[in-house]
Structures are given as structure tokens and as C-alpha cells.
Amino acid sequence: MENIEMAEFRIRFLPGRKSAVFEKGITLRDAALALGILIESDCAGIGTCGKCKVEVKGKLNPPTAVEKKLLSRQELQKGIRLSCQALLVNPCTVIVPQSSTSIGDQILTESGLQQTPLNPDIRKVRVELPEHRLGEKYFVFEQLLTALRQKNILVAHFPLSAVRDLTQWLQQGKRTLTAVIDQNQLLAFEPGNTTDVLFGVAIDIGTTTLAAKLIDLTRGDVQAVASAVNPQRAHGADVIARIHYTIEHAGGLKQLN
Ligand code: FES
């Protein structure tokens, strides 16, 4: 039987200096994605946007019809290629332009104190329990519900985890508890008075960037901000291009997830 060995070559990406060995024939774009390198693209690699330009030092496949259409003669002479069209046939160095490496540079990064009007569904209510003796657990439950009712909180059901927590706090002799309420649903009990410790997270999932803010729900202060480039960006600039990617690529849906 003929022993067919698949040729492999190294690609070095600049300016990040990432490099790896790939099978002959892989597109430079797919190789970059495999290394987590984002190359600008609006068409998810189907060869219509002309944005995935890279400069290549080394021999590749001849420019395709798509490249001849979307790149100027001067660009081709300078070694500019469309990374979704250029195929690995020899070791090469790929220079990713600044337009790609700066994707996401405008992401929200500031934190600080911004006052936000608040009306959160989640709230905390301090509850004082009466003295109780061993075996009076159910009496205490009743007293607890009454105390919440007096604060206009009608608890329809006790989650099992809250019952367990409550039992534990009672056994430890704790009499000051904080009930965590979502509208009129009891979520949990916390020992002591924790009414001034209540945080929420606001998450913005954008097609280009992801951003999250940690907000103090007792005062409305933004405590921290975190953001990142949406990893799906590599597979198209918009939702349509990404759907197209999942249709065109086996396993594409898994990649986007
Ligand atoms: S032309 Fe290459 S990704 Fe759009």
C-alpha cells in the first residue's frame, strides 16, 4: 500500500510571534484562528469582504480569482494576500496588519462611580428571630414568615436550600438573619445583617465586544468593568455572516458556542 504522508509546514505570525506547524493546504486564516489570532473579516472567510489582508513572506498558492478581484496589483506585488484564500504550501511568515490587531481596542474599560437609578427585583430584608429551644424549629419558621409578612413580603414557598441554611443558622444560635428576596420569592437566608451587601452584574453581549459591569445594588455605584472581544468576531462581523459560517463549516456551530 502506498504510504502517503501529509506535508506540514511552520507558519510564524507577527507581530505576536505565535507560530505552529500546520498541514499543507490550510488557509492562513484558519491557521490564525487555530492560534487564537483574530484577522479582520466581515464575510467569515467566504471571500467577499476583502478585509482579511495579511502580508506574507514566503511562497504560497498563486493568487486566486477572488484575490485578483479584491486586491490591487500593487498589493499583490507587495505580498499582500487574503488570508481566507492563501494556502500554506511552504514555511512562511505572516504579518497581521494593525487593523486586525487593534480589533477591540475601543472596548469599554473605564470603571468608577456612576450613579444609576435603581429599582432591583432582588432585595434583602433583615429578620430578627425570637429565642427558641430545641424542637421549636417549625414554630420559628412560622415566626419568620410572619416577620416577612409584616414587611409586605408574602413568601409562597421555601426553597429546600433555604430551609437547610436556616436550620444550620438556628443550630448555631444565630438570631439575626437576612432574607434574600426576588420579588416575592425567597431565595436564601444569610447569617447576620447583610442588607448593605448586594451586587448585580449587567452584561452586554455585543456582536463585536462583550462587556460586564458589577453594580452595587444598594447605592447604584459601578464597582468594576470588564470587557473582551467577542470570540465569535473571528467568524464574521455580523450575525448573518456567523450563521453562514455554521452552515458552511462542519462543526462551525460548536466553534461559535
Ligand atoms: S475575503 Fe477573506 S474573510 Fe472576507
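Contact here means heavy atoms within 4.5 Å. The legends below describe close-up views of a predicted model.

**Figure 1. The protein chain as a whole.** The chain contains 8 helices and 11 strands. Of its 257 residues, 34% count as buried. Among contacts with a separation of 6 or more, 55% are accounted for by residues 24 or more positions apart.

**Figure 2. The largest nonpolar core, with 23 residues.** The members that touch the most other members are Ile 11, Phe 13, Leu 28, Ile 39, Cys 92 and Val 94. Two or more residues are given to this core by each of strand S1 (8-14), strand S2 (18-23), helix H1 (28-34), strand S3 (53-57), strand S4 (80-82) and strand S5 (92-95). Another core, of 19 residues, lies apart from this one and includes Phe 141, Ile 153, Leu 166 and Leu 177.

**Figure 3. The contacts of Leu 28.** Residues up to four places away in sequence are not counted in this view. Leu 28 touches Ile 11 and Phe 13, and also Cys 92 and Val 94. Further residues touched by Leu 28 are Val 54, Val 56, Leu 60, Ser 83 and Ala 86.

**Figure 4. The open sheet of 5 strands.** The strands follow the order S2-S1-S5-S3-S4, and their pairing is mixed. S2 and S4 stand at the edges with a single partner strand each, so one side of each has no neighbour in the sheet. From one strand to the next, the twist averages 35°. S3 and S5 run antiparallel and are joined by 3 bridges. Lys 57 stands opposite Thr 93 of S5. S1 and S2 are likewise antiparallel, with 6 bridges joining them.

**Figure 5. The hairpin of S1 and S2.** Between the two strands of this hairpin there are 3 residues. In S2, Lys 18 is the bridge partner of Phe 13. Arg 17 is located in the loop between S1 and S2. Although Arg 17 is not a glycine, its phi is positive, at about 60°. Arg 17 is exposed, with a relative accessible area of 64%.

**Figure 6. The open sheet of 3 strands.** The order is S9-S10-S11, and the pairing is antiparallel. The edge strands are S9 (199-205) and S11 (222-229), each of which pairs on one side only. The twist in this sheet averages 15° from one strand to the next. S9 pairs with S10 (residues 209-216) in the antiparallel sense over 7 bridges. Ala 202 has Lys 213 in S10 as its bridge partner.

**Figure 7. The two sides of helix H7.** Helix H7 covers residues 239-248, and its residues Ala 241, Arg 242 and Tyr 245 are buried. These three residues lie on the same side of H7 because they cover an arc of only 100° around the axis. An α-helix has 3.6 residues a turn, so residues three or four places apart point the same way. Ile 240 and Ile 247, on the other side of H7, are exposed. Helix H8 (252-256) is included in what covers the buried residues of H7. At the start of H7, a side-chain oxygen of Asp 238 comes to within 3.2 Å of the backbone nitrogen of Ile 240.

Methods: Residues are numbered from 1 along each chain as its sequence is written. This is a predicted model: local features need pLDDT of at least 70, side-chain atom pairs count only at pLDDT 80 or more; totals for chains, interfaces and linings use all residues. Side-chain values use heavy atoms; hydrogens and water are left out. A nonpolar core is a set of buried Ala, Val, Leu, Ile, Met, Phe, Trp, Tyr and Cys residues joined through side-chain atoms within 4.5 Å. Buried means under 20% relative accessible area, exposed over 50%, partly exposed in between (1.4 Å probe, protein chains only). Helices (H or I, at least four residues) and strands (E, at least two) are DSSP runs, numbered from the N terminus. The arc is that of the directions from the helix axis to the C-beta atoms. A polar contact is a pair of N or O atoms within 3.5 Å; within protein, one must be able to donate a hydrogen and the other to accept it, and residues adjacent in sequence count only if both atoms are side-chain atoms. Two strands pair if DSSP finds at least two bridges between them. Axes are lines fitted to C-alpha atoms, for helices over the stretch in contact, and angles run from 0 to 180 degrees between N-to-C directions.
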